[in-house]
Amino acid sequence: MTSPTRDSASTPGTAADSTPPPGCPAHTGHSGHPGHSGHSGHSGHSGETPAGERLESLHCPEFAADPAATYARLRAHGHIAPAELSPGVPVSLVTSYQTALDILRSPETFSKDARHWQALADGTVPMDNPVVPMMMYRPNALCSDGEEHFRLRSAISDTLDRLDIHALRRYVERSADFLIDLFGPRGEADLLKEYSARLPLLVFNQLFGCPPELSDKLVRSLSALFDIAEDSEQANVLLAETLFELVALKRAEPGPDMTSWLIAHPAELTDEEMVHQIVVLVGAGTQPLQNLICNGLLLLLSDERFAGDLAGGTMLIGDALNEVLWKDPPLANFCIHYPRHDTTVDGHRLPKGEPVVISLAAANNDPYLLANRRGNRAHLAWSAGPHTCPGKDPAQVIASVAVEKLLDRLPDVELAVPAERLEWRPGPFHRALAALPVRFPRTTAKSDEALAEMAAAASATIAGAVGTAPKAAGEDDAPHEGRADVEPSPEPSAEPPLEPSPEPSSEPSSERSPGAELAVVEPEPGPEHEARRRWWKSLAQWWRRG
């Protein structure tokens, strides 16, 4: 990834006031904790917090409401600054674009393995701290280094390589239509709750072959982890239990889905490894994706540059989403690293085993970078280096189709409240709205019977947006050696589908269910079909309950 051109006239942020805003919890440096021992000296060069100086909080409502002000104060410390993710969890936060890029590309110095986290190992940070589930070691590609990282990542990359992006786009369109039909007749909706949070759920059901009662639990547990709720430890347990159920189901009944593909991969993942690879994939495909969709819609509906041009096509939507990825990335602070040994970066001392967190939002908005970034894709929203997100292409397809379809179906949609009155959910990791209320002219309603038929037809879909059957271990799809970032192919797979595609339907597209054109079997009477109908009926009831 190349750095954007720097603006020679720009200067770094020089906010002198490092006092947190009123009402924002802040804590003094923890004596005895590496990097926060209260040494004297200029904090802009040591990376440490002088005795008595408060750490900037990344977990309070004030930070959620105005993160830019916090980042400006943090820049007074230099390229790396002391901050607090949660009470009792100090970190070194990287706010400089180039420094972030250097760290992301230096796995020989900075490990992703949280077993290096000394404060967690010695009990200084207890296991029940709410950020631990998002930071703890898991045997997955995100938390591993070296050969183990390559083995686990290749399973994910090869699995994503099998996706038929064109079929995925068609499925997202059908799913978006289905959801819009649910709230369209009312003339108003919360696009967070009723659209952007539910669309990834439908996509997850399809791609991973997950029955709705499991995906409901999965999304609830992931939401609690990203929000850093008080029950995050219980959410972590629920997440593991749900995914072990899914893996057991797919081992017993494999199908043309990503879970089965991971199971069949030559990496020969154990059940535990399977669960933790899915945590990475689903974690990236639910909360961050819903935030990208919501933040993109907010920009399009509130920024006067887009006024009167919401039907401007995919180029407009692509520009808006790219701007969101620069200015308000859905994961604002993440990419946690642990120095393998005491090191100094840009004059900042980083002790061995102390968390170093990349502020993707602050780095993307580094004052040294040019302000005009239209068409520039060098943001860090997908990370960089060996841990660059391998699913960014499918994620961008889902987000762009979601926004495009909503604006196409509801061209006169507008915010129901002024943009400045919208609330942002607290949490150190994400940039997430609490709600996105809108209003629009009512659309034609569908009957409950029609909705039930749509849900029943969708439940019979077993192939979906994946076009080929999994290969057995030893076949010619071994991990791609030497490829740090294997991208999904934009073209349909050359392999034959598991079943022939159905004949084109003469049914009007607006009446067809999400995934209908991708179905490979017709629903048949019997206990299995009735069970699927019950699954989808319960999911539809959950949708209506909100």
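Predicted model: local features only at pLDDT ≥ 70, side-chain atom pairs only at ≥ 80, totals over all residues.
**Entry 1: the six-stranded sheet**

I began with the sheets. One of them is open and built from six strands, and I wrote down its order as S1-S2-S3-S9-S6-S4. The pairing in this sheet is mixed. I then checked its edges: strand S1 (56–57) and S4 sit there, each pairing on one side only.

Next I went along the S1 end. S1 and S2 run parallel and are joined by two bridges. Across that pairing, I found Glu56 opposite Ala83 in S2.

Strand S2 (residues 80–86) also pairs with strand S3 (residues 89–94), this time in the antiparallel sense and over six bridges. I looked up two of the partners. Ile80 faces Val94 in S3, and Ala81 has Leu93 as its bridge partner in S3.

How many residues of S2 are buried? I got seven of its seven, so I noted the strand as mostly covered.

I also looked at the turn. The hairpin of S2 and S3 has two residues between the strands, and in it Gly88 takes a positive phi near 85°.

**Entry 2: the three-stranded sheet**

The other sheet I looked up is open too, with three strands in the order S5-S11-S10 and antiparallel pairing. Its edge strands are strand S5 (188–190) and strand S10 (414–415), each with pairing on one side only.

S5 meets strand S11 (residues 437–439) over three bridges, in the antiparallel sense. I picked out Glu188, which stands opposite Arg439 in S11.

A reminder to myself: strands of a sheet pair through backbone hydrogen bonds, either parallel or antiparallel.

**Entry 3: aromatic rings**

Then I turned to the rings. The count of aromatic pairs comes to six. I looked at two of them in detail.

How far apart are the ring centres of Trp117 and Tyr338, and at what angle do the planes lie? The centres are 6.2 Å apart and the planes are at 35°, so I put this pair down as tilted.

I checked accessibility for both partners. Trp117 comes out at 1% relative accessibility, so it counts as buried. Tyr338 is also at 1%, so Tyr338 counts as buried. The cut-off for buried is under 20%.

Phe334 is buried at a relative accessible area of 11%, and Phe429 is buried at 0%.

I also noted one aromatic cluster, formed by Phe183, Tyr195 and Phe440.

**Entry 4: charges over rings**

I looked for charged ends sitting over rings and wrote down two cases. The charged end of Arg115 sits over the ring of Tyr137, 3.8 Å from its centre. In the other case, the charged end of Arg431 is over the ring of Trp424, at 3.7 Å from its centre.

**Entry 5: two helices crossing**

Are H8 and H18 parallel, antiparallel, perpendicular or oblique to each other? I looked at the axes of helix H8 (residues 165–183) and helix H18 (residues 392–409), which come within 9 Å and cross at roughly 40°. That angle is why I call H8 and H18 oblique to each other. Their crossing is right-handed.

Last, I looked up residues other than glycine with a positive phi, and noted two. Cys335 has a phi near 50°, and I found Cys335 in strand S6. With a relative accessibility of 8%, Cys335 counts as buried.

Ser383 has a phi near 70°. Where is Ser383? Its place is in the loop between helix H17 (360–364) and H18. At 8% relative accessibility, Ser383 counts as buried.

Methods:
Residues numbered from 1 in each chain as written. Heavy atoms only, no water. Pairing = 2+ DSSP bridges. Helix = DSSP H or I, 4+ residues; strand = E, 2+ residues; numbered from the N terminus. Phe/Tyr/Trp six-rings, centres within 6.5 Å; stacked < 30°, edge-to-face > 60°. Buried < 20%, exposed > 50% of the residue type's maximum accessible area, 1.4 Å probe, protein only. Lys NZ or Arg CZ within 6 Å of the ring centre and 35° of its normal. Axes fitted to C-alpha atoms, helices over the stretch in contact; angles between N-to-C directions. Parallel < 35°, antiparallel > 145°, perpendicular 65-115°, else oblique. Left-handed = near helix turned anticlockwise from the far one by under 90°.
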